[in-house]
Amino acid sequence: MDFFDFHHHHLGQFGIYNLDLFSDDNPEFFSVGLHPKDITNDFENALQWVKSRAQEPNCLAIGECGLDAFVEVDASLQEEVFTKQILLANTLRKPVIIHCVRRHQDLLKFQKIAKVPMIVHGFNKKENIATSLLNVGFYLSFGKSLLENLSLQSVFKECPDNRFFLETDAAEINISDIYEKASNIKMMSTSEMQNLIKQNLNLILNNE
């Protein structure tokens, strides 16, 4: 069984490929969204493209999209664009892959308008933030930081088995290394971890 990479930027890799804005790539599985850093005054045009690609059957999720305190885009505009993408996800019944930097507490209000699963990708924060997100229904996706961050490993160990995914994002590492580390932390075999991720995918992709 191949190792499913929940969120990645490596064309041809098994998992959910993050489609670049206005790309005509057609991978096996992909997500499509307007990243906070790519928001301009002409964002409606970009959202129309997102909407078009999002309706394709091999588009599994909307994203990555969300909130970023470090980009030079007005916070309220980020929230407006994020809201529009959540509403699109609601319409299409597809989960949302979230990019969030230093605005995790702001995510909580968006869970109230979402009718689909919301997954925070590249999660590498402390236990209190993980708990606040998990308590209101978010999923967490863990990447490269899981290999070396001891406090994050503790967070992952306590994360419910039905609420997480594993990813490489843009890191030049093997997804199998993350599966191996995750399996060791959870004290299970890599094949058990693969089956667990498959079950969790079924949960978010069949959220009727």
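Predicted model: local features only at pLDDT ≥ 70, side-chain atom pairs only at ≥ 80, totals over all residues.
Biologist: How many aromatic pairs does the whole structure hold, and which residues do ring pairs link into a cluster?

Modeller: A search of the whole structure returns nine aromatic pairs. Ring pairs also join residues into a cluster, and its members are Phe-123, Phe-142, Phe-156 and Phe-164.

Biologist: Why is the pair of Phe-82 and Phe-110 classed as tilted, and which helices hold the two residues?

Modeller: Planes under 30 degrees apart count as stacked and those over 60 as edge-to-face, with the rest being tilted. The planes of Phe-82 and Phe-110 stand at 45 degrees, with ring centres 4.8 Å apart, so the pair is tilted. Both Phe-82 and Phe-110 are buried. The pair ties together parts 28 residues apart in sequence, because Phe-82 belongs to helix H2 and Phe-110 to helix H3.

Biologist: What is the geometry of the aromatic pair formed by Tyr-139 and Phe-165, and which strands hold these residues?

Modeller: The rings of Tyr-139 and Phe-165 form a tilted pair, 6.0 Å centre to centre with 35 degrees between the planes. The pair links distant parts of the chain, 26 residues apart. Tyr-139 is in strand E7 (residues 139-142) and Phe-165 is in strand E8.

Biologist: Which residue lies over the face of Tyr-139, and which lies over the face of Phe-156?

Modeller: Over the face of Tyr-139, at 5.6 Å from the ring centre, lies Arg-163. For Phe-156, the distance from the ring centre is 5.3 Å, and the residue is Lys-186.

Biologist: Why do the buried residues of H3 line one face of the helix, and what covers them?

Modeller: In helix H3 (residues 104-111), the buried residues are His-104, Leu-107, Phe-110 and Gln-111. Viewed down the axis of H3, they fall within an arc of 100 degrees, so they line one face of the helix. Their cover includes strand E4 (59-68), helix H2 (75-92), strand E5 (96-101), strand E6 (118-120) and helix H4 (127-135).

Biologist: How many disulfides does a search of the whole structure find, and what is the nearest cysteine sulfur to Cys-59 and to Cys-100?

Modeller: The search of the whole structure gives zero disulfides. Cys-59 is in no disulfide, its nearest cysteine sulfur being that of Cys-65 at 11 Å. Cys-100 is likewise in no disulfide, and its nearest cysteine sulfur, 11 Å away, is that of Cys-65.

Biologist: What are the relative accessible areas of Cys-59 and Cys-100?

Modeller: Cys-59 is buried, and its relative accessible area is 2%. Cys-100 is also buried, with a value of 11%.

Biologist: In what sense do E1 and E2 run, and in what sense do E2 and E3 pair?

Modeller: Strand E1 (residues 5-8) is joined by two bridges to strand E2 (residues 15-18), and Asp-5 stands opposite Gly-15 in E2. Strand E2 also pairs with strand E3 (residues 30-32) over two bridges, where Tyr-17 has Phe-30 as its bridge partner. E1 and E2 run parallel, and the sense in which E2 and E3 pair is parallel.

Biologist: What are the phi values of Arg-93 and Asp-169?

Modeller: Arg-93 is in the loop between H2 and E5 and is partly exposed at 27% relative accessibility. Asp-169 is in the loop between strand E8 (164-166) and helix H6 (175-186), and is partly exposed at 24%. Neither is a glycine, yet phi is positive in both: about 60 degrees for Arg-93 and near 55 degrees for Asp-169.

Biologist: Which residues does Gln-153 touch, not counting those up to four places away in sequence?

Modeller: Gln-153 is found in helix H5 (residues 150-158) and is buried, with a relative accessible area of 13%. With residues up to four places away in sequence left out, Gln-153 touches Leu-146, Leu-147, Glu-148, Lys-181 and Ile-185.

Terms used. Residues numbered from 1 in each chain as written. Heavy atoms only, no water. Buried < 20%, exposed > 50% of the residue type's maximum accessible area, 1.4 Å probe, protein only. Helix = DSSP H or I, 4+ residues; strand = E, 2+ residues; numbered from the N terminus. Arc of directions from axis to C-beta. Contact = heavy atoms within 4.5 Å. Pairing = 2+ DSSP bridges. Disulfide = S-S within 2.5 Å. Phe/Tyr/Trp six-rings, centres within 6.5 Å; stacked < 30°, edge-to-face > 60°. Lys NZ or Arg CZ within 6 Å of the ring centre and 35° of its normal.
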